[in-house]
Amino acid sequence: MEVTFFEPSCEDKSDLESFGICDNPPPPHLPAYLSKNIAEKPNWILEIENSKRINIQFIAIDNCIDLRKADGKMESRCDCLITHEDTIVFIELKDRLGRGWLSKAKLQVENTISIFERNHNSNIFKHKKVLIANKQRPFFHASFQTIIEEIKINTGGYIADVNAKYIVE
């Protein structure tokens, strides 16, 4: 079954200098969304810094794009993606302290990228990235390095990071 990720009903855009990506707490029923209101910053799981005011395309995936297995069950998938110029970034949002959140996020982004690669020409993007943001653990830790390297291998070269801030370059 062919899947279109660039579904207009799942899309938003922003060229603001600073905005966030939010996701409602579990159980999730609504897709991730852009927050363009600085007053909502405490709710942002991921902050986007866009000093050049480049147009950023946002696509909600989880709870918006219908990704199903052959048996009809829903695929594991990441929350969203953003594109700008020649860059695509697959994003998984977390708000958890316990164990296992990074391994689960890794599987979600890898599966989503695999489906994307089968349905879209990713060669139009020079820079292919993965960003895992956890509001409870906002900074990269050295212990994450193994998973970061595994993502690069398992996705055919996507560069991954674990951070609660994305700087548009």
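What you have open is a predicted model, where local features need pLDDT of at least 70, side-chain atom pairs count only at pLDDT 80 or more, and totals for chains, interfaces and linings use all residues. Residues are numbered from 1 along each chain as its sequence is written, and side-chain values use heavy atoms, with hydrogens and water left out.

**Stop 1: Asp12 and Lys36**

Select Asp12 and Lys36 and show their side chains. They meet in a salt bridge, 3.0 Å from N to O (the term covers a side-chain nitrogen of Lys or Arg within 4 Å of a carboxyl oxygen of Asp or Glu). The two ends are 24 residues apart: Asp12 sits in strand E1, Lys36 in the loop between strand E3 (33-35) and strand E4 (46-49). Element names follow DSSP runs, numbered from the N terminus: helices are H or I with at least four residues, strands are E with at least two. Asp12 counts as partly exposed because its relative accessibility is 27%, and Lys36 is partly exposed too, at 41%.

**Stop 2: the open sheet**

Switch to cartoon. You're looking at an open sheet of 6 strands in the order E1-E5-E6-E7-E8-E9, with mixed pairing; two strands pair if DSSP finds at least two bridges between them. Colour strand E1 (11-14) and strand E9 (159-162), the edge strands, each of which pairs on one side only. From one strand to the next, the twist averages 20°. (Axes here are lines fitted to C-alpha atoms, for helices over the stretch in contact, and angles run from 0 to 180 degrees between N-to-C directions.)

Now pick helix H1, residues 101-119. H1 packs on the sheet and touches strand E7 (87-94), strand E8 (127-134) and E9, its direction making about 145° with that of E7. Contact means heavy atoms within 4.5 Å. Helix H2 (residues 145-154) packs on the sheet as well, touching E8 and E9, at about 150° to the direction of E9.

Ser14 has Ile56 of E5 as its bridge partner.

**Stop 3: strand E2 and its partners**

Select strand E2, residues 18-22; 4 of its 5 residues are buried. E2 runs antiparallel to E4, joined by 4 bridges, and antiparallel to E3, joined by 3 bridges. For landmarks, Gly20 has Glu47 as its bridge partner in E4, while Ile21 has Leu34 in E3.

Stay on Glu47. Its salt bridge goes to Lys41, with the closest N and O atoms 3.5 Å apart. Which end is buried? Glu47, at 13% relative accessibility; Lys41 is partly exposed at 36%.

**Stop 4: the core**

Show Ile21, Leu46, Ile82, Phe90 and Ile91: of the 48 residues in the largest nonpolar core, these touch the most other members. Such a core is a set of buried Ala, Val, Leu, Ile, Met, Phe, Trp, Tyr and Cys residues joined through side-chain atoms within 4.5 Å. H1 gives the largest share of this core, 7 residues. Centre on Ile82: beyond its neighbours within four places in sequence, its contacts include Ile21, Ile56, Phe58, Ile91 and Tyr166.

The whole structure holds 10 salt bridges. One of them joins Arg68 and Asp66, closest N and O atoms 2.9 Å apart. Finish by selecting Lys106, Glu110 and Glu150, which salt bridges with shared partners join into one network.

Conventions
Buried < 20%, exposed > 50% of the residue type's maximum accessible area, 1.4 Å probe, protein only.
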